[in-house]
Amino acid sequence: MTHAHITAWVVAVILLIVLLFLQKQGKNTKVLHMILRVFYLLIIGTGIVMLFGLYQITLLYILKSLLGVVLIGLFEMILVRGKKAVNTKNLWIPFVILFIVVLYLGFKLPLGFYWF
Ligand code: HEM
């Protein structure tokens, strides 16, 4: 399940980058944006399945999951604001920080890869 989770967020990041490029070119991004939203559900779904497979859900797991959901919120805010041509610069700083923290917590926690 960790592999499905990782695949889902890697695809989501790629879609985010592609969508930002398409937005810049003024292209219609509706369909691709809907596909990205399906990937949000896959990230959350695989995350929840891992949580329920645990013997004990610790505080770090709760923190990792909450920050993961907030990060997905930032994906969406960046895209919606980008579409309306509102400045998204102030969203990128929390996005990058949160991304690093979520990656760190994910790889620190014991399931799947255990890097830190
Ligand atoms: C874009 C958002 C997210 C990113 C980038 C992300 C990233 C990661 C990474 C890198 C791992 C480590 C995988 C491994 O060790 O094999 C992981 C594991 C995990 N994620 Fe996420 N995640 C995100 C969203 C979520 C959400 C929304 C939830 C909960 C609903 C969640 C729950 C979990 C759980 C329970 C684990 C297992 C932790 C462990 O290794 O013991 N994640 N995630």
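Predicted model: local features only at pLDDT ≥ 70, side-chain atom pairs only at ≥ 80, totals over all residues.
A polar contact is a pair of N or O atoms within 3.5 Å. Lys64 has a polar side-chain atom 2.6 Å from a nitrogen atom of the ligand. Leu109 takes part through its backbone. A polar backbone atom of Leu109 is 3.2 Å from an oxygen atom of the ligand.

The surroundings hold further residues. In total, 25 residues surround the ligand. The closest are His5, Tyr61, Lys64, Leu111 and Phe113.

## The iron site

The ligand carries an iron atom, and the protein supplies donors to it. These are NE2 of His5 and NZ of Lys64. They lie 1.9 to 2.0 Å from the iron atom. The site is octahedral, with 6 donor atoms and angles of 82 to 178° among them.

His5 sits in helix H1, which covers residues 2-24. Lys64 sits in helix H3, which covers residues 59-83. The pair therefore ties together parts that are 59 residues apart in sequence.

The cut-off for buried is under 20%.

## The nonpolar core

The largest nonpolar core has 22 residues. Ala12, Leu36, Tyr40, Leu71, Phe75, Leu79 and Phe95 touch the most other members. Four helices contribute: H1, helix H2 (30-52), H3 and H4 each supply at least two residues of this core. Which helix gives the largest share? H3 does, with 7 residues.

Leu71 shows some of the contacts involved. Leaving aside neighbours within four places in sequence, Leu71 is in contact with Phe95, Leu98, Phe99 and Val102.

## Thr2, in helix H1

Thr2 lies in helix H1. Its relative accessible area is 17%, so Thr2 is buried. What does Thr2 touch beyond residues up to four places away in sequence? Its partners are Met50, Leu111 and Gly112. Leu111 is also one of the residues closest to the ligand.

## The loop between H2 and H3

Ile57 is found in the loop between H2 and H3. At 40% relative accessibility, Ile57 counts as partly exposed. Not counting residues up to four places away in sequence, Ile57 touches Leu51 and Ile62.

How far is Ile57 from Phe75, C-alpha to C-alpha? The separation is 26 Å, and the two are 18 residues apart along the chain. Phe75 is among the core members that touch the most others.

## The loop between H3 and H4

Two residues of this loop can be set side by side. Lys84 is found in the loop between H3 and helix H4 (89-108). Thr88 has its place in the loop between H3 and H4 as well. Lys84 has 62% relative accessibility, so it counts as exposed. Thr88, at 15% relative accessibility, counts as buried.

Thr88 has contacts away from its own stretch of sequence. With neighbours within four places left aside, Thr88 is in contact with Ile78, Arg81 and Gly82. The C-alpha atoms of Thr88 and Ile78 are 6.0 Å apart in space, while the two residues are 10 residues apart in sequence. For Lys84 and Gly68, the C-alpha atoms are 25 Å apart in space, and the residues are 16 residues apart in sequence.

Definitions and conventions
Residues numbered from 1 in each chain as written. Heavy atoms only, no water. Donors = N, O, S within 2.8 Å, 3.2 Å for Na, K, Ca; no water. Tetrahedral: all angles 85-135°; square planar, octahedral: opposite > 155°, others 65-115°. Buried < 20%, exposed > 50% of the residue type's maximum accessible area, 1.4 Å probe, protein only. Core = buried A, V, L, I, M, F, W, Y, C linked by side-chain atoms within 4.5 Å. Contact = heavy atoms within 4.5 Å. Near = heavy atom within 4 Å. Polar contact = N/O pair within 3.5 Å; in protein donor to acceptor, adjacent residues only side chain to side chain.
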